[in-house]
Amino acid sequence: NFKLALEKSNMDSNEFLSSVKFSVKTRVGYQNDDDIEDILKIYNNYPILELIVHPRIQKDFYSGLPRMQVFDYIYKNAKMPVCYNGNIFSKEDYENIVSSYPMLTAVMIGRGAVSYPDIFVNIKNNDKADILKLKDFHKNLFALYEQEFGINDAICKMKEFWFYFKDNFDDIIVNEDKYLNPLHIFLINLRIPFECKLYIYSTSYQVQILELVVLCQLRNKRHL
């Protein structure tokens, strides 16, 4: 608690901030990015160890493309080290960012790590997980969730996980004009509402996932 720590320190706010190492994660605005110059002036007044920038505004959520022109301004004018965050889903995405901004101290990966759990070894060693490794990852993650939270909450968490993890698989061709996304098949097979009020046994879940994986093919090229 910042306020409590400040009170216990017997320092004024500026003294306290200069004695504490902290980073800040920020977006580039709320309704728009017009105020980014003023926002950055505020950040530059404090001894921030690292500024982690996700170049979207709050109302963007995760839609659209990152506002790279705004990030470029922050990168060039920030007085502290800058870390980039946003839309890193592949080794190519990572390499494009670090080559465009070679003075970055770090790159933070969020949704990309949930979508593609092998993204870090892919960046480091150019390795990509095959279907067996993805199945093992899924199996271990579900087992840990079930152990920690119980089966109902584990199912809910896995449904959130599949929202991103589904991007590993191609859509399934049903006929000439109809495609099914693996996530849709997953939810249909579970026959469970989003509120997760029905009790589903883990063995049933695992069987249905195996059936899903048999139906789906890994994507050769990852995309948003």
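## Strands that pair

Two strands are said to pair if DSSP finds at least two bridges between them. In this predicted model, four bridges join strand 1 to strand 2, and these two strands run parallel.

Strand 3 is in turn joined by three bridges to strand 4, residues 106-108, which runs parallel to strand 3. The bridge partner of Y84 in strand 4 is V107. To get from strand 3 to strand 4 the chain crosses through helix 5, residues 91-100, in a β-α-β crossover that is right-handed.

## The model as a whole

The protein has 224 residues, of which 38% count as buried, and its secondary structure comes to 11 helices and six strands.

Confidence should be kept in mind while reading the model. The average pLDDT of the protein is 79, and 71% of the residues score at least 70. Over residues 190-202, however, pLDDT stays under 50, and for this stretch the model has 28 contacts beyond four places in sequence.

Which residues of helix 3 are buried? They are I36, L40, Y43 and N44. These residues cover an arc of only 95° around the axis, and therefore they sit on the same side of helix 3.

The buried residues of helix 3 pack against strand 1 (23-26), strand 2 and helix 4. On the face turned away from this buried side, helix 3 carries the exposed residues K41 and I42.

## Helix 4 and strand 3

In helix 4 the buried residues are V70, F71, I74 and Y75. Seen down the axis of helix 4, these buried residues fall within an arc of 140°, so they line one face of the helix. They pack against helix 3, strand 2 and strand 3, while the face of helix 4 turned away from the buried side carries the exposed residues Q69 and K76.

Strand 3, one of the elements that helix 4 packs against, is covered on both faces, with V82 and Y84 buried on one side and C83 and N85 buried on the other.

In soluble globular proteins, nonpolar side chains tend to be buried together. The largest nonpolar core of this model has 26 residues, and the members that touch the most others are V28, Y43, L51, V53, F71, I74 and L104. Two or more residues each come from helix 3 (36-44), strand 2 (50-53), helix 4 (68-77), strand 3 (82-85) and helix 7 (119-125). Helix 4 gives the most to this core, with four residues.

What does Y43 touch, if residues up to four places away in sequence are not counted? Its partners are V24, T26, I48, L51 and M80. There is also a second, separate core, which has 11 residues and includes A129, L134, F142 and I155.

Most residues other than glycine have a negative phi. N87 has a phi near 60°, a positive value in a residue other than glycine, and N126 has a positive phi of about 65° although N126 is not a glycine either.

Where do these two residues lie, and are they buried or exposed? N87 is found in the loop between strand 3 and helix 5, and with a relative accessible area of 14% N87 is buried, because buried means under 20%. N126 lies in the loop between helix 7 and helix 8 (131-149), and at 51% relative accessibility N126 counts as exposed, because the cut-off for exposed is over 50%.

Technical notes
Residues are numbered from 1 along each chain as its sequence is written. This is a predicted model: local features need pLDDT of at least 70, side-chain atom pairs count only at pLDDT 80 or more; totals for chains, interfaces and linings use all residues. Side-chain values use heavy atoms; hydrogens and water are left out. A nonpolar core is a set of buried Ala, Val, Leu, Ile, Met, Phe, Trp, Tyr and Cys residues joined through side-chain atoms within 4.5 Å. Buried means under 20% relative accessible area, exposed over 50%, partly exposed in between (1.4 Å probe, protein chains only). Contact means heavy atoms within 4.5 Å. The arc is that of the directions from the helix axis to the C-beta atoms. A crossover is right-handed if, with the strands pointing away from the viewer, the path from the first strand over the helix to the second runs clockwise. pLDDT is the predictor's confidence in each residue, from 0 to 100.
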